[in-house]
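Morning, everyone. Please have a look at the model on the screen before I start.

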Amino acid sequence: MKPAPFDYESPATLDEALALLDRPGACPLAGGQSLIPSLSTRRMRPDLLVDLRRIPNLRGIDADAHSLRIGPLVTFAEAAASSELRSACPLVVEAIRHVGSPAIRNRGTLAGNLVWADPASELPLVAVALRAVLTLRHRDGVREVEAADFFLGAFETAIRPGEIVISIRIPKGATGARAGFAEVSLRRNAPALAAVAVQIEAADGRVRAARIAAGSLQPTPMRLASVEAALEAAEPGTDLPALGALAAGQTIAGLAGQSTAGYAGTVLPALVGRAIASTLAAL
Amino acid sequence: MAVGLVGTPVRRLEDHRLLTGKACYVADIVLPHMLHMAVVRSTRAHAEIMDIRTAAALAAPGVRLILTGEDVRDLGPLPCIDLFPDSKPALHRVLALDKVRYVGEPVAVVIADDVYAAEDAAELVEIYYRDLPVVLDLEEAASDAPPALLYPEFGTNVANICRQEVGDPDAAFAGAAHVFEETFRIHRYAAAPMETRGVVADPTAQGGRITLHTSTQFPHLVRAFLGGVLGIPESEIRVVAPDVGGGFGAKCEFYPEEVVSVVAARRLGRPVRWIEGRQEHFVATTHAREQVHAMRAAVDADGVVTAVTLKSLTSNGAAMFTLATTPASISSAMLRGPYRIPNYRAESLSVLTSKTPLAVYRGAGHPQAVLCMELMMDRIARDLGIDRIDLRRRNMLTKQELPSDRGTAIVLAGKVVYDSGDYPGCLDRVLELAGWDDRLRRQAEARAQGRIVGLGVACFVEETAIGPYETGHVRVDGSGKVTVLTGASPHGQGTATAIAQLVAEELQIPFTDVTVRHGDTDVVADGVGTFASRGGAIAGAAARLAAHKVREKAVLIASELLEAAAVDIEWVDGRAAIVGVPGRSVTLAEIARRATAWNSLPTGLSSFNLDEVAHHQVPGISFANAAHVAEVEIDRDTGTVRVLDYAVVHDSGRIINPMIVEGQVHGGIAQGLGGLLMEEIAYDAAGRPLVSGFQDYFLPTSAEMPEIRTGFMESPTPLNPYGMKGAGEGGTTGAVGAIAGAVADALVPLGVRVAGDGPFTPPAVMALLAAARKGAGA
Amino acid sequence: MSRDTREITVTVNGAPKRLTVPVRLLLSDLLRDVLGLTGTHVGCGQGPCGSCTVLADGGTVRSCLMLAVQADGMEIETIEGVAAGDGALHRIQEAFREHHALQCGFCTPGIVMATVGLLRRSPHPSADERAELMEGHLCRCTGYRNIDAALAALAGEG
């Protein structure tokens with residue numbers, strides 16, 4: 001239960017970090033809440049850890065007119081305390097309540113969580129639901145990847161060797177956007193057996209925009225476009241939670257090594273309904 | 001004030017050091033020149049070892065020594081103490097030799113300068129295996145044509161068979177109005193104390209004596225076992241159980257690391273430490289529970305259960321560990337619980353499988369027995385249309401029927417003769433505490449609304465406070481303070497506080513004047529340990545008996561000091577006083593000083609010092625009992641089971657400290673709840689466990705725990721001089737029965753018949769519901 | 001131990017320390033094996049159990065999930081720094097004792113440290129805040145009800 005040997009650098013600039021990360025076997029270290037346990041069990045054995053903590057300007061949450069930009073060292077605790085996130089992207093704050101436990105949230109970063117791409121984790125499905133865009137930096141350049149394209153499989157993403165997430169950009173919801181998150185797990189603070197994230201913007205009794213995604217169903221988060229469309233098309237007075245039933249019969253690619261994907265499919269309609277209901281209760 | 005101290009909830013003496021970080025667990029021990037051990041474990045469930053290459057590992061930085069099975073081939077296997085004469089001695093070796101039989105079996109150890117270097121080198125040990133077929137399924141393993149024999153020399157995977165025979169079950173079945181049959185499946189899970197196991201083996205004491213610091217529940221037995229395996233006298237061995245972070249039975253076993261660390265330390269002449277990792281823990285420390293019980297019940301027209309037969313299998317894993325037969329033995333001897341059932345036959349097989357060895361865990365075989373019996377009672381009641389409480393009352397032994405020789409016996413512990421208790425009274429009390437009738441009414445309302453709510457009740461009788469004996473040594477020094485040496489080896493139970501209460505009450509002194517020492521075989525010459533709910537009752541009795549002898553001796557000394565006849569002296573507030581003469585008294589300190597060796601021998605005494613030893617020899621098992629009621633609700637859409645409410649009435653005889661006993665009950669219930677709802681060690685088809693730590697083995701958290709209302713009854717046992725029975729395990733035993741019963745009850749209207757202990761995870765419950773729907777549709 | 005080492009400065013229970021540590025050394029091992037502060041216990045080494053919880057710059061962290069080098073420049077507080085110098089229990093510790101909120105004591109320092117952190121932020125924590133704290137701590141002995149009672153008492157309830 002002790003890490004295998006590695007070299008360690010904590011560069012003071014992003015350029016230095018990117019140069020170091022270009023070496024074979026290099027691995028970035030942000031909060032380390034997924035990485036360090038894997039080092040301790042030696043499932044992960046990087047040659048070089050590049051600790052990002054001394055690099056300036058990786059910590060803040062910035063807003064422009066259309067989106068929020070979350071720096072790669074922003075922790076779950078910091079994000080949960082952000083009033084801007086709470087008002088413009090309430091789903092992020094709602095989902096964070098289900099991530100780990102307080103001590104984990106004090107150290108763990110949103111970017112690190114996305115890069116880890118655990119199919120049972122809450123943040124990836126939030127990123128997909130909200131159409132987040134990840135900015136990836138490599139010493140040779142920058143590129144942007146939509147969250148939906150970022151997750152390739154369980155613990156597998158589009159990130160390439162030498163790249164790090166430099167920001168997570170989330171389109172702002174309209175003022176008054178509300179969110180709901182529903183999850184089943186074996187107990188408090190256990191990985192989700194099934195999870196649904198919902199963010200709704202409503203006006204005049206109609207849903208103007210709905211964002212819904214589900215996790216733990218398949219190796220990557222699943223956007224529930226049919227439910228989103230149904231919510232947006234619904235006439236005032238419609239029983240919106242009942243539209244969760246549209247999530248039934250989703251094609252589900254079994255989660256490798258997990259026997260619970262079938263279960264997740266079974267409970268999905270009810271969970272969608274609950275997440276919608278809790279969203280509406282917050283409206 | 002010391003009078004009446006027993007029975008009061010004084011706060012614990014242990015807490016200050018535990019709360020301030022000053023406790024000393026085995027991982028906290030640092031010795032000069034200490035080295036560190038890593039264990040290389042089998043990655044195969046069943047394989048021949050073709051070759052082990054250690055050259056690369058030996059060349060790694062900081063490596064001092066590597067041992068493999070060849071290096072310890074002359075050492076005897078680890079003992080199993082509950083085997084009977086015709087058992088197959090399928091015993092665990094110190095390190096695997098030629099063959100491995102489960103994933104996690106120790107194959108080699110690496111000793112290095114620090115634990116990081118030891119783990120680095122452990123990765124470099126190359127082991128070449130040739131796989132053999134694995135035996136995972138219990139019924140297959142026990143069959144006449146198993147997929148493999150773990151020990152071909154025995155010709156069977158059945159290590160032994162516990163048999164019980166009472167009355168004439170065949171005649172009872174022949175005359176039965178109704179016969180019920182059910183096969184109950186109980187899954188594999190684990191004690192999982194928060195502190196893993198660990199050892200520090202120190203060979204540096206004068207004269208080459210060995211000191212083994214180990215996280216154990218029974219240091220004196222470890223000393224005996226270690227001496228036996230190494231072939232050295234016990235006087236050459238000191239075993240110390242320092243602060244121990246929970247055991248629950250898993251540390252009531254003798255483990256290979258307790259031997260191999262000593263071998264390595266002696267070879268190197270330096271202390272060697274090994275601390276089990278949590279991932280390692282789930283393959284290297286005994287598992288628990290896994291059994292299959294095929295049960296039949298004969299019932300007459302009035303709902304009286306006239307006979308039960310049982311054929312049970314226990315998945316003991318790849319070797320018989322220290323207390324490996326006990327789960328099968330207890331579950332077969334105790335199946336009938338508080339119910340009369342005059343005719344009974346059981347045949348309980350301990351079966352070898354390609355898994356981590358399985359032995360005792362809080363409740364040992366009781367939880368399995370209670371689960372089967374209580375689910376069967378509910379089924380009989382349901383099928384015969386009898387109220388389930390009424391059915392239990394009809395079959396329950398009354399107070400007037402006790403003592404009752406049950407005709408069964410438990411290996412090591414002895415004959416099952418229920419000593420005292422009021423089982424129907426206990427049931428009545430818990431129904432009142434739970435508000436049973438009201439709950440039934442609300443359940444009906446909830447069901448009418450489409451909610452899935454269930455109520456479970458479990459009544460049980462439980463073996464506690466087993467022998468053979470325990471020691472107590474009470475010494476008063478010249479300061480008037482009292483030191484108690486006890487053979488118990490508590491690890492969270494608060495036994496030191498309980499013993500201090502007993503001794504302080506006897507001597508009528510503040511209990512904070514009493515220091516209780518335990519766990520060091522050089523300090524406490526003889527002892528048995530803490531397991532089987534025996535610490536407080538047995539060690540407490542021994543300590544109090546010793547304190548009583550101290551007091552008698554003190555009176556004799558005081559009679560000299562006060563120049564009064566002993567009969568004229570009374571013991572008040574820790575002083576000897578002359579009856580009716582105010583002001584004429586001497587303190588315990590004065591008496592102790594008079595008895596020291598630098599004075600003359602006090603008149604009429606044959607020994608110096610205010611210092612007495614007592615053994616409490618246990619004349620027979622004392623049986624605690626309890627009744628539990630659980631209410632659960634199941635989420636129809638997700639299958640999530642939530643325990644809404646819990647009530648328990650517990651009777652473990654005279655209570656020393658109700659706060660501590662209640663704490664034991666609470667903790668026990670949490671473990672029962674965890675086992676029923678979330679804890680499981682499953683294996684894949686190749687025999688690899690699917691658990692790697694607390695990230696995939698889920699203990700309950702605070703959020704899952706219901707409010708618990710606890711009531712007590714105190715039926716003193718005649719088998720203990722102070723009427724005390726044991727209270728350590730009942731919470732778990734009852735919770736398994738009550739929660740399983742509640743889940744089963746909840747699912748009855750949905751056509752689900754529960755015949756096992758789950759775990760009732762959300763996916764498992766949804767699968768039960770789906771199967772019932774399919775069955776109904778077919 | 002490891003090839004690579006770094007010099008770090010860390011304040012532990014108020015005392016500044018300058019140390020050269022292997023880069024792979026876990027913070028829990030720094031505290032326990034290098035500094036001798038063995039009151040911080042490692043129950044799982046993977047994060048879920050919470051026994052190794054300490055305060056870093058006032059916030060709770062898992063010391064098994066941090067490298068010692070990551071603590072460079074930080075202020076770490078452990079259970080050894082909670083009680084008064086004369087051995088008198090802190091009121092949190094007193095509440096745990098009073099409510100019998102511990103048995104074997106192995107998980108206890110982690111829960112006490114989390115409580116120290118919570119009460120500093122929120123002197124009268126709500127039931128939700130207390131429940132959130134307990135999400136992060138496993139205890140195998142107590143069944144939690146008495147821990148919850150101790151926390152409620154500290155919050156001024158019960």
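I will take a hairpin, then a sheet, then the contact between the chains.

First, the ground rules. This is a predicted model: local features need pLDDT of at least 70, side-chain atom pairs count only at pLDDT 80 or more, and totals for chains, interfaces and linings use all residues. Residues are numbered from 1 along each chain as its sequence is written, while chains are lettered from A and ligands numbered from 1 in the order in which they are written.

The hairpin is in chain B. Strands 18 and 19 of chain B form it, with three residues between them. Strands here are DSSP runs of E, at least two residues, and helices are runs of H or I, at least four, numbered from the N terminus. Strand 18 covers 404-410, strand 19 covers 414-418, and they pair antiparallel over four bridges. Pairing needs at least two DSSP bridges between two strands. A409(B) has K415(B) as its bridge partner. In the turn, L412(B) has a positive phi of about 70°.

Now the sheet. It is open, with four strands of chain B in the order 20-28-29-30 and mixed pairing. Strand 20 (452-464) and strand 30 (707-713) of chain B each have a single partner strand, so one side of each lacks a neighbour in the sheet. Strands 29 (641-651) and 30 of chain B run parallel, joined by seven bridges. There, V648(B) stands opposite T710(B).

Last, the contact. Chain A gives 17 residues and chain B gives 19, counting C-beta atoms, placed from the backbone, within 7 Å. On the chain A side, helix 11 (261-282) of chain A supplies the largest share, four residues.

Technical notes:
Two residues are in contact if their C-beta atoms, placed from the backbone, lie within 7 Å.
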